[in-house]
Every structure is written in C-alpha cells, then in structure tokens.
Amino acid sequence: MAALIHRPEYAGYDFGPEHPFSPARLEMLLDLFRSLGHEVAPIAAPAATREDILSVHDEAYVAMVEALDQGKPNLEADRFGLGTPDNPIFPGMDLATRWLVGGILHGARMLMTGKERRVLQLGGGLHHAQKDQAAGFCLYNDLAVAIQAFVAHGWRVAYLDIDLHHGDGVQNLFYENDRVLTLSIHESGHYLYPGTGHIQDLGSGSARGLSVNIPLEPFTEAGDYLEAFESVVPRALSWFSPDVLVVQAGADAHFADPLGDLALTTQAFQTLYQRIFALADAHAHGRVLLTLGGGYEAQVVARVWTILYLTFMGLPLPEHLPAVWMDHWRHLLGPGTGRELHDPASAMPDLPGREARTRRNRDVVNRLLDSVRTYWI
Amino acid sequence: MLVNEIMHRPVTVIQATTLLGDAFQQLQTRGFRHLPVMEQGRLVGVITDRDLRFATSSLSPAPRTAGEPVSLVMSSPVMTVDPLDPIEDAARIMRDRKIGCLPVLDGSDLVGIITGMDLLDALVLLTGVTKPSSRLEVALADRPGELARLTAFLATRHVNIHSILTHPGADGRVRTVLRLDSSQTRPLAETLRADGFDILWPAQKPWQH
Ligand SMILES: [Zn+2]
C-alpha cells in the first residue's frame, strides 16, 4: 500500500513572501489532487522531538534555532548560516521544521514495521542542512533523521537525490557510514550552489565508494540526464542491495525553474519516477520513502509533483488540468500556463552546444564508473 | 595572504653530514618530498626525494652510495622567502625556478617551509570553494568604481561574498569571478543584467529569449 503524509502545519515552514521556498506550492498541489477527483486523506504525523533532531545535528546549532524560534535576537546567528537571504529567521522556525521532520520519520516507522511499502511525504526534502549549519533553505535535515532511524533499526539505506542541487548535507552526514549509499544527480557544482558533488567525492574509510555523484553540465536535457541515471543508479542499487530507498524528489531540474540550468521536461520526470519505483521493487524490497524538495516555478511543481503522486499511487495521468483549479490559482500560475498536464512537445528547441554537452556528460559518467569499479565488487 | 599564514612549522631538517641512506629513510618514513639541510645551525641546502633517487640510481653515470653524505647531492645555494612575503611572490619564484618548495627564513633562522601543496591549499581557500556557494562571473569595464558598483549591489541584498577573483580578459575587460553565499544567483544575475552589467555566468538559458 501507498501512504501520503502531510498536515496543514507544514505551511508554517515559511521564509516570507519574497522567498522562493513558498508553502503555497504544497497547498496548490493538494488542491490539484482533489480537483482531479482523488480522495486525498493524508496522514497527519506528530512533530519530531528534540532528541530526533539531535540524532544528526549538533546541540549548539539546535539551541540556536530554538532561541531564534522564540524571537530572541542573536548576533551569532550567521555563524550557523541563519539570518541570510537564503535562510531568514522567522518566529516558530524550530517547531515548523520539526513538523516536517516528524512527517518523514513517521513514514520511516511505517516502513520499518512493515505497515507500508511506499510512503510519500508531501513536503520537506531539506537536503542541504548540515550537522551544525542551516544552508540553502534547509534548517533541519529531515532526510538524514529518517536515514539515521533506518540505520539504528539495522537497515542498509540507499539515498537517491534527484533535486537540481547536490545533496551535500545528506552526503556529509553519512560520508563515513558504510550502511548508507548516497547517490546525487545534479547540475555541476562548478557553477551552481552549493559548489560540491564532484565525481571525486567518493566517501571515506569503509564507506569509500558509497558517496556517488553525477554532476551534469548546465543546460543538460532529458536524454543525457536519463542516460547518466541509467548508467549509474541501477548498477549502484543492484550492488548495494539496500533494505530501503529514500528519495529526495526535488523538481527544480525542470527547464523552467528560475534557480537552475538543467532542462528536464515533465515527460522526463514521468520516466524518472517510473524507473525509481521499478528500481525500488527490484533492489530495495519495494520499500521507498519519498519527500519533495526544491522547485520554484509554481506551474511546474504543480504538474511535476502531480505526476509523481499519480505514479506513486498507480493512477492514470489526465491530459488536462481542471479549469476550476487553474482559475483558483491563476495568480501563482502566471498568465502563460496552458491546460495540459505535460509540457508541449515543442518545449525544447534544438539547443546550440548539445553535442559537446553530451560528450562531457558521458566523460563524467565514465570517469565516475572507472573510479567506483574497485569498490563495487 | 602571507607566507607565514600557509607555511608549515616546525620544520623537519637534516644535517649536511647525514648519510644518503639515512636521508632516504627519513623521506620514506615521514612521507616528505623535501628536507632542508643544515650545517652548524644554518640553512645550506635542500634535498628532495627526486635529487636522491637520481643521484643513487644505477642509471646515473657515477651513482652515489648510501654511505655518502647529503652535502654531495643537495641543491645549494637555496632559494628562500621571508615569512611576510605575499604568497603570490612565493608562487612566482617556485614557478620561475621550477622548484617544489621554499624554506622560510626570518633573518638567518629557519622558521618554516612552503610547498606546492600549500599553494594549492591557498588557491582553494582564495577561490572560496570550501563553503556552500555558487558562481557569478562578470566582465567589468577596466575603470575605477566598477567593482564597487557590483559589490554595493550585493551588499544591498545582504548577499555574502565568499571570494572574489579577478584577471584580465582578452577583450581588455576585467573578468571577475565571485563565489556567493546564495542559491539565488540566477535571479540576482537577471537584476544585474537589467542594471547594465555584462554577466557571463549564469548565462541566459538558450531556450528563453
Ligand atoms: Zn534544489
């Protein structure tokens, strides 16, 4: 069975009206599921406790977030990455994040007890948060808390990050842990935030070969992206044979995302999601725990994550978006948004430099495979 | 950045009278590639693992043996720098002379050593890639106030700059590469473009005109 997790309190994770990580994205998404005629009754999970957060974060950092949560100004905040344009301070920020962490943790527990095989947390995916730092819109690392719970349960965990950005926080927290395989496919850090996720970052000690990064050239399109994914991810999962697959399903690799430079289409996302569920079935006992993540263009994330949800539930995809939903969210969708669920076939013209990009992406994948070969035996 | 901020200390040294076999052991066990050579408390040379292997190789016309002293093989006299020299000067000396290390002398006292590796560490620090950041690349006109105009723009948006590197571009303009503590560089770049800056990265997406 498949379980959806969400509660209205997730809307409290809100950095303000000017900030791209807007909670309105979730509200319009749920409204779209319902407007498409689906009974949606998500599970409301309890908030994570302080102890849950401390399973991956430093006490000093958590104490700082708690103090700022209560509105106590602190000049040291920026030492913890807080109070920056990416991570503004807001009242209630500690609890707002613990709601999100609690959701994924609840999902993890349902998988551990065998109650569910597929869980989708509608929110979160805070993959940049570091042990002692907020980073890139992420306060507590919800994914890492769930992974840590699986590890404590004795499971081996594969983490797959399809967000536009490198999943640096999760990678760093498990860089030396040989129970956790992290895979991140992203736009190259040579240009994009956070600047990491190179093929040479392979994990350390007994976990060497368990941090796997696929950095792609700016303007990479679906063909190259899916080819790179197929060259690396199935091989890694088949070799590692995890007990569960955790997925950060950011949608910011779409061509219309305002923060990034990758060029995926809705069709590419559909293929990607189908492959992820098939791979979980083949290599992770069918157990998969997904969160959302980045994705900053309202009309894109509504369509892409609806495709995710329907694929997750095994439901057919509609051709069109409901008119009533479009009218209701017109102010966020923008005037140019069409009625189709998928991007038009003509969305991506013949781009200059395509062949050179393909060659470079293939080189990167080949070099990655050369360097992990000795570890994956 | 100054030499004394990146140099290694204390320095492991050997004596000019040390035998080549013992010097080889030292380089081998300590994992060093360079050792300053001292005589009566003064720096008189440098010996590298390469010097030693060439001098003792059976392919050499007159191979040295393990029982001969270091003074026969070391490079001497030796290039040195002052702890207060800027690292770019140290880098230029090492590049010009094709040498892998520079002993650091304060007066006649050996106070440290810098190697090519230390300069690479400095490059990584200077480029700001040790912190979560994104790249902004701008071609600035080569005249007073242009860099200030750029950084003032970032300041008004409270964007922290982790590093700035500039170098002359082929077109006479100043190529300026910044690492910013921001994941919102693309929208920033669009505002900068509207303000008349020539932004090289993030480039306009080829499918959006
Ligand atoms: Zn992202």
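Student: In what order do the 4 strands of the open sheet in chain B stand?
Tutor: This is a predicted model. The pairing in this open sheet of chain B is antiparallel. Its edges are strand 7 (161-168) and strand 9 (198-201), each of which pairs on one side only. From one strand to the next the twist averages 25°. Read across, the order is 7-8-6-9.

Student: At about what angle does helix 6 of chain B run to strand 8?
Tutor: Helix 6 of chain B spans residues 146-156 and lies across strand 6, strand 7 and strand 8. Its angle to strand 8 (174-180) of chain B is about 20°.

Student: Which residues of chain B lose the most area to chain A?
Tutor: The two chains bury about 1900 Å² between them, with 59% of it on carbon and sulfur atoms. The contact takes 22 residues from chain B and 29 residues from chain A. Three residues together make up 35% of what the chain B side buries: Ser183(B), Trp201(B) and Trp207(B).

Student: Which side chains meet in a salt bridge across the interface of chain B and chain A?
Tutor: The rule finds 12 residue pairs in polar contact across this interface, and 1 salt bridge.

How values were computed:
Residues are numbered from 1 along each chain as its sequence is written. Chains are lettered from A and ligands numbered from 1 in the order in which they are written. This is a predicted model: local features need pLDDT of at least 70, side-chain atom pairs count only at pLDDT 80 or more; totals for chains, interfaces and linings use all residues. Side-chain values use heavy atoms; hydrogens and water are left out. Two strands pair if DSSP finds at least two bridges between them. Helices (H or I, at least four residues) and strands (E, at least two) are DSSP runs, numbered from the N terminus. Axes are lines fitted to C-alpha atoms, for helices over the stretch in contact, and angles run from 0 to 180 degrees between N-to-C directions. Contact means heavy atoms within 4.5 Å. Buried area is the accessible area (1.4 Å probe) that two parts lose on being put together, summed over both. A salt bridge is a side-chain nitrogen of Lys or Arg within 4 Å of a carboxyl oxygen of Asp or Glu. A polar contact is a pair of N or O atoms within 3.5 Å; within protein, one must be able to donate a hydrogen and the other to accept it, and residues adjacent in sequence count only if both atoms are side-chain atoms.
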